[in-house]
Number of protein chains: 4
Amino acid sequence: MLDKFKDECGVFGIKPHHEAANMTYLGLYALQHRGQESAGIVASDHGYLTCHKQMGLVADVFSEEALARLPGDAAIGHVRYSTAGASLLANAQPILINCHHGQIAMAHNGNLVNAGEVRRRLEGIGSIFNSNSDTEVILHLIAKSKKKTIEEAVIEALSQVKGAYSCVFITKDKLIAVRDPHGFRPLVMGTLGESIAFASETCAFDLIGANYEREIEPGEMMVVNELGMRRSSRPFKEKPARQCIFEHIYFARPDGIMFGESTLAYRERLGAKLAEESPVEADMVVPVPDSGVTAAIGYSNLSKIPFAFGLIRNHYVGRTFIEPKQSIRHFGVKVKLNPVKSLIKGKRVLLVDDSLVRGTTSRKIIKMLRAGGATEVHMRITAPPTTHPCFYGINTPTRKELIASSHTVEEIRKYIEADSLEYISLQGMLDCLENSNPDNYCHACFSGEYIIGFPGQDKESMEV
Amino acid sequence: MLDKFKDECGVFGIKPHHEAANMTYLGLYALQHRGQESAGIVASDHGYLTCHKQMGLVADVFSEEALARLPGDAAIGHVRYSTAGASLLANAQPILINCHHGQIAMAHNGNLVNAGEVRRRLEGIGSIFNSNSDTEVILHLIAKSKKKTIEEAVIEALSQVKGAYSCVFITKDKLIAVRDPHGFRPLVMGTLGESIAFASETCAFDLIGANYEREIEPGEMMVVNELGMRRSSRPFKEKPARQCIFEHIYFARPDGIMFGESTLAYRERLGAKLAEESPVEADMVVPVPDSGVTAAIGYSNLSKIPFAFGLIRNHYVGRTFIEPKQSIRHFGVKVKLNPVKSLIKGKRVLLVDDSLVRGTTSRKIIKMLRAGGATEVHMRITAPPTTHPCFYGINTPTRKELIASSHTVEEIRKYIEADSLEYISLQGMLDCLENSNPDNYCHACFSGEYIIGFPGQDKESMEV
Amino acid sequence: MLDKFKDECGVFGIKPHHEAANMTYLGLYALQHRGQESAGIVASDHGYLTCHKQMGLVADVFSEEALARLPGDAAIGHVRYSTAGASLLANAQPILINCHHGQIAMAHNGNLVNAGEVRRRLEGIGSIFNSNSDTEVILHLIAKSKKKTIEEAVIEALSQVKGAYSCVFITKDKLIAVRDPHGFRPLVMGTLGESIAFASETCAFDLIGANYEREIEPGEMMVVNELGMRRSSRPFKEKPARQCIFEHIYFARPDGIMFGESTLAYRERLGAKLAEESPVEADMVVPVPDSGVTAAIGYSNLSKIPFAFGLIRNHYVGRTFIEPKQSIRHFGVKVKLNPVKSLIKGKRVLLVDDSLVRGTTSRKIIKMLRAGGATEVHMRITAPPTTHPCFYGINTPTRKELIASSHTVEEIRKYIEADSLEYISLQGMLDCLENSNPDNYCHACFSGEYIIGFPGQDKESMEV
Amino acid sequence: MLDKFKDECGVFGIKPHHEAANMTYLGLYALQHRGQESAGIVASDHGYLTCHKQMGLVADVFSEEALARLPGDAAIGHVRYSTAGASLLANAQPILINCHHGQIAMAHNGNLVNAGEVRRRLEGIGSIFNSNSDTEVILHLIAKSKKKTIEEAVIEALSQVKGAYSCVFITKDKLIAVRDPHGFRPLVMGTLGESIAFASETCAFDLIGANYEREIEPGEMMVVNELGMRRSSRPFKEKPARQCIFEHIYFARPDGIMFGESTLAYRERLGAKLAEESPVEADMVVPVPDSGVTAAIGYSNLSKIPFAFGLIRNHYVGRTFIEPKQSIRHFGVKVKLNPVKSLIKGKRVLLVDDSLVRGTTSRKIIKMLRAGGATEVHMRITAPPTTHPCFYGINTPTRKELIASSHTVEEIRKYIEADSLEYISLQGMLDCLENSNPDNYCHACFSGEYIIGFPGQDKESMEV
C-alpha cells in the first residue's frame with residue numbers, strides 16, 4: 001500500500017564543530033519556514049550516531065536536555081512539511097539506519113519520480129519499509145550496495161534513483177552533501193572557522209555567523225572526512241540544470257542568496273515587471289502579507305501608486321485554531337488577515353500576491369476588502385498561472401484542484417470577483433533573473449515541462 | 001511580602017449569544033498581541049459560572065473540549081502579559097469568586113496606584129489574598145460591600161480604588177463593562193445581531209463580524225441585564241480624560257480605531273512628521289519589523305527616500321529558544337531579525353522604530369546592519385524619549401533601565417553606534433492626532449506628568 | 001453554593017532538618033494509602049514559604065526538580081482523597097496563605113461539623129473562599145484573628161470550629177501540630193537526631209528512620225520554635241476522647257502502632273473473635289485481599305480451618321481502566337481480583353472481609369467464587385454492620401447507600417447470595433482492644449452515637 | 001553494533017471478535033506482571049492493520065481514544081520488560097511491517113540464541129534493522145521468504161531460528177499462534193463464544209470471561225483463518241519439551257494453570273517440601289511479599305509454625321521514586337517493605353522467598369528484621385541456587401552477578417547475615433510437580449543444562 005505524497009523540507013549539516021548539534025538546531029531554526037511539521041537532528045560522537053526527532057516546531061522538539069543528549073562534533077538536521085496523509089513520525093527525518101556499512105543517517109530535500117518502482121523491486125526481494133518516504137528507498141539501496149566505502153555506496157544508490165535530492169548524510173566519521181544532477185532544490189556551503197556547513201538556504205549561515213561560500217552545484221558531491229577536510233567530486237552523468245523558480249517567487253526566505261540571485265531583489269523586480277506588463281489605475285498597492293510585500297513595493301515604486309499595508313496579519317495564529325460551530329463560517333482567512341477599513345474605505349485597491357492556487361483564498365480576501373469599503377479590487381500575481389503540480393519537492397495540489405489548469409484568466413477573475421486579474425508572463429518572470437541563466441530553471445508548475453517526467457503511479461495528480 | 005508588578009492585558013465580553021464562549025475565544029484570538037502569557041474565559045450558563053484559564057497562548061489554552069465545557073449565553077475573557085516575577089497561574093484572569101453576592105468574575109486591563117494600601121487595609125481586617133493582582137483587590141472590595149445589588153457593589157468597590165481599569169464583570173445574569181474616569185486604557189462596544197460585545201480593541205469585532213458602535217467613555221459603566229438590554233450610567237466623579245498615547249504609537253493593532261483615531265493612519269503621520277522634523281540624506285528607509293513598518297512608509301512617502309524591507313523577521317521564533325552555550329552569544333535579536341545583505345550593502349540606511357527603551361536592541365540591530373554592509377545608519381524614533389515608567393497598564397522598565405532617563409540623545413546615539421539619532425518631538429507626536437483632543441491623552445512615559453501619581457510603594461521604579 | 005464533602009487525608013511535618021522537603025516526600029510516600037488524589041508540600045526557607053501541590057500520586061507529583069525548588073529546614077505535607085465532586089486542585093493541600101500574620105500553611109486531616117455555618121458568617125462580612133475545603137475556613141479565622149502571635153491566632157481559630165482536626169501548620173519560623181479535643185484522627189510524634197517529626201501514622205517514621213516517640217494527645221498543641229525546641233500545651237477545653245475505631249479495622253497501614261495498639265495484632269484478634277462468635281464448617285479461610293488478610297489468619301488460627309489465598313489481586317490496576325463498551329460489564333471487581341479456580345473448586349469457602357458497605361462488591365466476589373467452583377460461601381465481616389456515615393474524616397456513603405442502614409443481616413445475606421453472613425458484634429470489636437480504653441473510641445458508623453453531631457446542612461446523608 | 005539483551009513478555013491474540021482491541025487490552029491488563037515497560041496492540045480491520053504502542057503500563061498506553069482508533073475483528077497485543085539498555089520504543093511490540101506478503105504484525109515472548117548470526121547474515125545482503133529485537137530478525141526472514149502463503153513464510157522463517165518463541169502473528173485475514181518445539185515459554189488457547197483467543201497465561205481468559213481450552217503444544221502452530229476456523233499443524237521437527245520451571249516458581253501469576261499445573265498449588269507444595277527438607281525451630285513463618293506468600297503458607301502448614309505477615313508491602317511504590325540525596329541511603333527495599341515491629345520483636349523468624357539472585361535484597365530484608373527486633377532469622381528459598389543466566393526469555397543477570405555461581409551456601413548465608421539458609425533441592429523442586437513430567441522442564445538457571453546452548457556472542461554473561 002504505497003501512498004504517493006510530496007513534501008517540502010529544509011536540511012542542514014556541519015562538521016567539525018564542538019557544538020555541532022547546537023549549531024544544527026540554530027540552522028533548523030532559520031530554516032523553519034521550509035517545514036513546520038517535524039524536526040530532527042542526528043549527531044555523531046566518537047563513532048556513534050544519536051537521533052532525536054519529533055512532530056512539531058524546532059523550538060518545541062528540542063529542549064536543552066534533548067540537545068545535551070546529542071553530543072559530538074558533527075551533525076545533520078531536517079525540518080519537514082507534508083500533506084496531511086503522510087504526517088507521521090515514521091516519515092520524520094533524518095532517518096538513521098544500521099547496516100553492514102555501519103550507522104548512516106540521511107536528511108533529504110526533494111522527491112523522487114521512481115521511488116515507487118524501486119521500492120516494489122526491493123520489497124520483492126524481501127526488504128522491509130517503515131515509512132512512505134522516498135528517503136528510505138535511498139537508504140535501502142545504500143544498505144544493499146556491495147561497494148567498499150560509504151561514499152561509493154551512496155553514489156551507487158543515488159545512481160539508481162531519478163528525481164530531486166539535495167541531501168546530507170552523516171556516518172561515524174564523514175559528512176556528505178549531494179545535489180542531484182538537475183539541481184532542482186537548493187543546497188549551499190559555508191564556513192565557520194574550521195567548520196564546514198551545508199544548508200538549504202543562506203539564512204541558516206547568517207544565524208550561526210558562518211560565511212556563505214558557494215552553492216553545491218547540480219550533480220556535485222562534497223565529502224567532509226574524519227580530518228575535517230572537504231573533497232568535491234561529480235560522480236553522476238551530467239544533465240541540464242533545472243533549478244526551482246518557485247523558490248525565488250515564494251518558498252525561500254527573502255533575506256538570502258539562492259542560485260546566485262538575491263531573493264528579495266528578484267521579488268521586487270517581479271513586482272516592477274508586473275506593473276510594466278499590466279498597469280491599472282488604483283489608489284494604493286496593497287500586498288497580501290507576508291509573501292506579497294516585496295513584490296508590492298516593486299509594483300508601487302514603478303507605478304508610483306502609493307504602497308499601503310491595507311491587510312494586517314495576525315502572527316499569533318497557531319495550528320490548532322478551533323472554528324466556532326454554527327454562527328460563523330470560513331474563518332480560515334479571517335483569523336489570519338484583517339483589512340484596515342479606515343485606510344481602504346472608498347479606495348481602488350491594487351492587490352499583489354505571489355501565487356493563486358485554488359482561488360478560494362483570493363476570493364475571500366477580495367470579499368473582505370470590498371466589505372471593508374474598497375470600491376475596486378485589481379489583483380496582480382507575480383507568477384504565471386499555476387497549471388501543473390510539482391513532483392520535485394514543492395507541495396502543490398493535483399491538477400483538478402489547480403484552478404488555472406482548467407479555467408481561463410477571465411473565468412478565474414470572475415470566480416474571485418476581482419475587477420481585474422493579471423499574472424506575470426512566463427517570459428517576464430524569467431527576464432527578471434539578473435545573475436542566473438533562465439535556461440537553468442525548472443518551471444514545470446507553470447509550463448508543464450517536466451524534464452524527468454513524473455511518478456508513474458501518480459497519474460491521478462495530472463488528471464484535470 | 002507584596003511584589004509590585006505591572007501587566008498588559010486584553011479583555012472581551014459578550015451577552016447574550018448562544019455561542020458566547022466561542023465568540024470570546026475568537027475575540028481573545030484577535031487580542032492576542034495584548035498578552036501572550038495566559039488566557040482565560042468565564043461563561044455563565046443558567047445562573048452558574050464556569051472558568052477555564054491557563055498559562056499559554058489562546059490557541060493552546062483552549063481545545064474544543066475546553067470550549068465545550070464553557071456553555072452559556074454570556075462570557076468574558078482575558079489575555080495577559082506580565083513581567084517574569086509575577087507570571088503565575090494565580091495571577092491569570094478572569095478571576096472568579098464566590099461571595100455573599102453570589103458568583104462574580106472579572107477581567108481587568110490596567111493597574112491601580114493604591115492597590116497596595118487597600119490590600120494592606122483588607123489584610124489587616126483578615127482578608128486572604130491568593131495572587132499579586134490588583135484585580136483581586138477590587139473583588140475583595142466587592143465581597144465586602146453591603147450594597148444590595150452587584151452593580152452598586154461594583155460601583156462602591158471601584159470608588160475606593162485609584163488608577164487604570166477598563167474591565168468587564170460577569171455575574172449569573174449580568175454583563176458589566178466599566179472604564180475608569182481618566183479612561184487610561186481603551187474599551188469599545190459593538191453589536192452582533194442581538195448581542196452586545198465589549199473589547200479592548202475593534203479588531204476583536206472584525207473577527208467575529210460584529211459592528212463597532214462606539215467607545216465606552218471614560219467613567220462610563222454599561223450594564224447588559226438578564227433581558228439582554230443595556231443601560232449606561234456615569235457613577236463616578238468626572239475627571240479629565242487621559243487616554244494612553246502609547247497605544248497609538250506601539251501597543252494597539254494597526255488595523256483598528258482607537259480613541260477615535262485610525263491607528264495605522266496615525267502611525268503613518270508620525271513617520272511623515274519625523275521626516276519633516278529631522279530629515280537626513282539616505283538611500284533607503286528600513287523599518288524595524290513589524291511595529292516600525294507603517295511609520296517607515298510615512299517617512300518614505302514624505303522624504304521620497306525609497307522604502308525597503310531590509311530586515312526580515314523570522315515569525316517562527318518560539319518562546320523556548322535555547323541559546324547555545326559557548327560559541328555564540330546574544331542571540332536575542334539575531335534569531336528574530338536578519339538583514340538582507342544584498343540590499344543594504346554599500347547603502348545609507350534610515351532605520352525607523354517606534355520606541356527606544358533600553359537601547360540594547362537598537363545597538364544590536366545597527367551592528368547587524370553595519371556587518372551586512374550598510375555604510376551609514378540613521379535612526380529615527382516615532383516617539384519622544386521614554387524617560388518614565390508607566391504605572392497605568394503598560395509594561396515599562398524602571399527609570400534606571402530607561403536609557404533616556406539619564407542620558408542625552410547624543411549619548412544614546414553613541415551607545416547605539418548610529419550615525420544620527422532623532423526622536424519625534426512631544427508636540428509633533430500630539431500634532432499628528434487628527435480626530436481626538438491632545439489634552440485628553442496621558443504621555444507620562446515621555447513627560448513624567450502622572451496625573452494620579454504612582455504607587456507609594458514603588459519609589460524604586462522612579463529612581464534614576 | 002456550598003457542596004458538602006468529606007475527605008480522607010494523611011499529614012506530615014518536620015523541623016529542623018536540612019532536607020526537610022525530601023523527608024516530607026518520604027513521609028507522604030509511606031502515607032500514600034491515606035489519599036491518592038493529590039499531594040503537596042510547603043517548605044520554609046529563611047522565612048519564606050514555597051508550595052508545590054498537584055493532583056496525582058506522590059511519586060508523580062514530585063520530581064527531583066520539584067523537590068529542589070522546595071529548599072528549607074522545615075516542611076509540611078499532605079496527601080488527600082475525596083469524593084469525586086470535590087476532586088479539584090483548589091482543594092489540594094497544604095493551603096498556603098498570606099495574611100497580616102505573614103505566610104502560613106496548613107495540612108489538615110479530618111472534617112468539621114460547623115464549617116458551613118462559619119463560612120456563611122465569614123462570607124457575610126466579605127470573605128472570599130477559593131475551595132470547598134473545611135481547611136480554608138480555619139485559615140480565614142486565623143487571618144481574622146487580632147491576636148499578636150500566630151499560636152494564639154491558631155488557638156482562637158480552632159476554638160471556633162467543631163469537629164475533627166489532626167493538623168500541622170508551618171510559618172516562617174515555627175512548626176505547629178494540633179489534635180482536636182476528641183482526637184478523632186491519629187497524629188504521632190517522632191524524632192530523627194535533632195529533628196522533630198509529626199505524621200498521621202508511624203509507618204512514615206519507619207521509612208525515614210525516625211523513632212516513634214508518642215501520640216500527640218487529644219486536645220494537645222505542640223509547637224516547634226525557631227530554635228527547634230518543642231513546647232506542648234493544652235489550649236482547649238478538655239473533652240472525652242473519641243478515637244476512630246475504623247482506623248484500626250481498615251484504614252491504617254497494618255505495620256504501625258496507633259492509639260497504643262498494634263494494628264496488625266488487633267486485626268488478627270478481630271478474626272479470632274469472629275471465629276469464636278460465629279463458627280461454621282468450611283474447607284478454607286479465604287481473605288479478600290489485601291485488607292482482609294490479617295483477620296483471616298486470625299480466623300484460621302482459632303478455627304483450625306486452613307488459610308488459603310483463594311483470591312489473587314492484580315496490583316497493576318491503574319486509575320484509568322477503560323471498561324469495554326458492550327460485551328462485558330461490571331469489570332470493577334474482576335479487574336482487581338481473580339479466584340484461584342484450581343484451589344476453590346468443590347470447596348466450602350469461609351470469606352473474610354473488613355467491612356460491607358453497599359454490598360455490591362461482596363455480591364460480585366461471591367458470584368465469582370461460585371463461578372470458580374466453590375460449593376458454599378460463608379461471609380464473615382470483622383466490623384459490625386455499617387449503618388451510619390462518618391462526618392469526622394472517613395469517606396462513607398450516605399445512609400441510603402449503606403445497605404445495613406435499612407436491611408437486616410438476613411436480607412443482606414440474600415442480596416450478596418452468601419450461604420451465611422455474620423458480622424462481629426460491637427462489644428466483640430471493642431473487647432479486642434488490648435492496650436487502649438474502649439470508652440475512648442468513636443464508633444458512630446456502627447452505633448450512630450455522634451458525640452458532636454453532624455453538619456447541619458447535611459441532613460441528606462442521614463436520610464434512609 | 002549489536003547489543004545483546006533479554007526480555008520478559010506477555011502476548012495475547014483474539015479473532016474473530018467485534019471488540020477485538022478491547023478484549024486484547026483486557027488480556028494485556030491481566031498479563032501486566034509479565035512486562036511493565038511497554039504495551040502495544042495491532043488490530044486488523046477489513047484488511048488493514050493499525051498499530052498503537054508506547055512505553056508505559058497498559059492503563060497509561062491505552063486511552064479510550066487510542067482504543068477507538070483500533071477497530072477490527074482481530075487483534076494481537078504485547079507487554080514487555082527488558083534490561084535498561086534496550087528500553088526503547090523501537091523495541092516495543094507488536095512489530096508491524098509491510099512486505100511483499102502485505103502487512104504482518106508479530107508479538108513475541110522468548111529469546112533466540114542465533115538471532116545475532118542471522119542478523120549479521122541479513123545485514124550482509126542489505127537488510128536494514130530498526131531495533132535490537134530478536135523479533136525483527138523473524139520478520140525479516142518472513143519478508144525474504146518466497147513462499148506463496150504467509151503461513152508457509154512464517155514456517156520457513158521460524159525454521160531458520162533457534163531458541164524460545166511463543167508468539168502470535170496477525171495479517172489482513174489471519175491470526176497465527178506458534179510455540180517453539182521445546183516449548184520454553186507458555187502459550188494457551190481459549191474460547192469466548194465464537195472467538196478464539198491466545199494468551200501467555202490463563203488469567204487473561206479469566207478477565208475476559210473466556211474458557212481455557214488447552215495449551216498450544218511445543219512445536220504446534222494454530223491458524224485462525226478468515227472464516228474464524230482454526231487449524232492446527234506441527235510444521236517443525238519434533239524436539240524434547242523444555243518448559244520453564246521458573247514460571248511456576250516465580251514469574252507466572254499464581255491464579256492460573258500452566259503446563260498443566262496449578263501455579264498456586266505447586267508453590268504451596270514447594271513450601272511444604274522445603275519444610276520437610278530443611279526444618280528449623282522458629283516462632284513464625286514470614287513471607288517476602290507478594291511472591292513468597294503461597295510457599296510460606298505451605299511451609300507453615302507442614303511445619304505447624306504459625307504463618308504471619310511480618311513484612312508489609314507498600315503497593316503505591318511508583319517507578320519514579322526519588323532517593324533523598326544525603327541523609328539516608330539504600331531506600332530500594334525500605335520503600336517497598338516495612339517490618340511489623342510489634343509482631344516480630346523478640347521472635348525467631350523463618351523467612352520464605354522464591355529466589356535469591358544477587359543476595360543484596362535478602363541482606364537488606366534480614367537487616368530490617370533484626371532492626372525490628374527479630375532474635376533469629378532463618379532464610380528458606382523455594383528454588384535451588386540460581387547459578388546460571390537464562391537465555392530463553394527470563395531476565396537474569398550475568399553469572400558474575402549471580403551470587404550462587406561463585407559462592408557456597410554457607411558463604412551466601414554469611415553475606416546475607418542469616419542464622420541459617422537453605423534452598424530447596426533440584427530433585428525436591430521437580431518432585432513437587434504433580435500433573436506434568438519433570439523431564440519436560442528446562443532448569444538451566446539452576447543446573448546449567450542449556451539444551452540448545454546460548455548465543456555465541458554472549459560469552460560474557462557466562463563468565464564467572
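## Strand 1 and its neighbours in chain C

Let's start with a pair of strands: in this predicted model, strand 1 (residues 7-15) and strand 10 (residues 195-199) of chain C run antiparallel and are joined by four bridges. To find your place along strand 10 of chain C, look for Phe198(C), which stands opposite Gly13(C).

The two strands belong to an open sheet of seven strands in chain C, with antiparallel pairing and the order 3-2-4-1-10-9-11. Strand 3 (48-55) and strand 11 (211-215) of chain C are the edge strands, each pairing on one side only. From one strand to the next, the twist averages 15°.

Helix 1 (residues 20-30) of chain C packs on this sheet. The helix touches strand 1, strand 2 (38-45), strand 4 (74-82) and strand 10 of chain C, and its direction makes about 25° with that of strand 4 of chain C.

## How the chains meet

Turning to the contacts between chains, 52 residues of chain A are in contact with 52 residues of chain B. On the chain A side, 29 of the residues that touch chain B are nonpolar, 15 are polar and eight are charged.

Chain B also meets chain C, where 15 residues of chain C are in contact with 15 residues of chain B. On the side of chain C, strand 5 (95-99), helix 4 (115-124) and helix 5 (134-144) each give two or more residues. Helix 5 of chain C provides the largest share, four residues. By class, this side of chain C has six nonpolar, seven polar and two charged residues.

Which chains do not touch? Chain A and chain C are one such pair, with their nearest C-alpha atoms 13 Å apart. Chain B and chain D are another pair that no contact joins, and their closest C-alpha atoms lie 14 Å apart.

## Two domains in chain A

Within chain A, the domain assignment gives domain 1 (7-239) and domain 2 (262-314 + 333-462). The centres of these two domains of chain A, taken over C-alpha atoms, are separated by 33 Å.

What joins the two domains of chain A? Here 16 residues of domain 1 are in contact with 13 residues of domain 2. On the domain 1 side, the elements that give two or more residues are strand 1 (7-15) and helix 4 (115-124) of chain A. The residues of domain 1 of chain A that touch domain 2 divide into four nonpolar, seven polar and five charged.

Key. Residues are numbered from 1 along each chain as its sequence is written. Chains are lettered from A and ligands numbered from 1 in the order in which they are written. This is a predicted model: local features need pLDDT of at least 70, side-chain atom pairs count only at pLDDT 80 or more; totals for chains, interfaces and linings use all residues. Two strands pair if DSSP finds at least two bridges between them. Axes are lines fitted to C-alpha atoms, for helices over the stretch in contact, and angles run from 0 to 180 degrees between N-to-C directions. Two residues are in contact if their C-beta atoms, placed from the backbone, lie within 7 Å. Ala, Val, Leu, Ile, Met, Phe, Trp, Tyr, Cys and Pro count as nonpolar, Asp, Glu, Lys and Arg as charged, and the others, Gly among them, as polar. Domain bounds come from an automatic or database domain assignment.
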